[in-house]
Amino acid sequence: MYESFYGFIKKLSPEFQTDINLLKHLLKIRKVSKRELLFHKGDICDFVAFNCVGCLRSFVVKDGKEYTLFFHTEYQTFGDYESFQKQKPASFSCQAIEDSQVLIFNHQTMLLFEKAPGGQKLLRLVAEDLAFLLRDKLL
């Protein structure tokens with residue numbers, strides 16, 4: 001599982017350098033059951049995650065009806081990044097649509113990434129990746 005994430009970051013930013021064993025101690029593996037919510041709209045989303053196995057969806061509920069915003073397939077990052085960074089209530093919810101396994105990044109992990117060689121660029125590219133998903137959905 002860590003190897004797929006490490007491959008993802010090397011593809012995104014080849015100059016990023018850190019010890020994969022250090023990452024293993026900071027990243028939390030979370031097994032998510034089908035239909036389980038990872039976070040709810042209105043809660044603080046205190047993580048950003050990388051989907052290793054399975055599929056998840058981000059959605060909102062308006063007038064009692066669910067609207068899917070995104071499907072997060074394997075090897076994609078996800079989360080409410082604004083909620084994570086600014087500690088604001090999440091704008092949407094996220095749910096597993098099949099049994100899944102994700103790697104969780106908390107604020108401590110992000111600080112490590114920021115300090116590692118090429119880390120700030122990597123974090124910018126991850127944020128851009130999330131922004132491009134939104135742009136592609138809208139266009």
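Lys 11 is found in helix H1 of this predicted model. With a relative accessibility of 74%, Lys 11 counts as exposed, because the cut-off for that class is over 50%. Its C-alpha atom is separated by 14 Å from that of Gly 119, a residue 108 positions away along the chain.

The largest nonpolar core of the structure has 19 residues. Phe 5, Ile 9, Leu 27, Phe 50, Leu 103, Phe 105 and Phe 113 are those with the most contacts inside this core. At least two core residues each come from helix H1 (2-12), strand S3 (48-53), strand S8 (100-105), helix H4 (107-115) and helix H5 (119-138). H1 supplies the largest share, four residues.

Leaving aside residues up to four places away in sequence, Phe 5 touches Leu 23, Leu 27, Phe 50, Leu 103, Phe 105 and Phe 113. The relative accessible area of Phe 5 is 2%, so this residue falls under the 20% limit and is buried.

A search of the whole structure finds eleven aromatic pairs. One of them joins Phe 5 and Phe 50 in an edge-to-face arrangement, with 5.2 Å from centre to centre and 65 degrees between the planes. This pair links distant parts of the chain, since Phe 5 belongs to helix H1 and Phe 50 to strand S3, 45 residues apart. Phe 50 is buried as well, with a relative accessible area of 0%.

Phe 50 also pairs with Tyr 75. The two ring centres are 6.4 Å apart and the planes stand at 40 degrees, so this pair is tilted. Here too the pair links distant parts of the chain: Phe 50 is in strand S3, while Tyr 75 is in the loop between strand S5 (65-72) and strand S6 (76-78), 25 residues apart. Tyr 75 has a relative accessible area of 45% and is therefore partly exposed, whereas Phe 50 is buried.

Ring pairs link Phe 5, Phe 50 and Tyr 75 into a cluster with Phe 8, Phe 16, Phe 105 and Phe 113. Another ring contact involves a charged side chain: Arg 57 lies over the face of Phe 59, at 4.0 Å from the ring centre.

How values were computed. Residues numbered from 1 in each chain as written. Predicted model: local features only at pLDDT ≥ 70, side-chain atom pairs only at ≥ 80, totals over all residues. Heavy atoms only, no water. Core = buried A, V, L, I, M, F, W, Y, C linked by side-chain atoms within 4.5 Å. Buried < 20%, exposed > 50% of the residue type's maximum accessible area, 1.4 Å probe, protein only. Contact = heavy atoms within 4.5 Å. Phe/Tyr/Trp six-rings, centres within 6.5 Å; stacked < 30°, edge-to-face > 60°. Lys NZ or Arg CZ within 6 Å of the ring centre and 35° of its normal.
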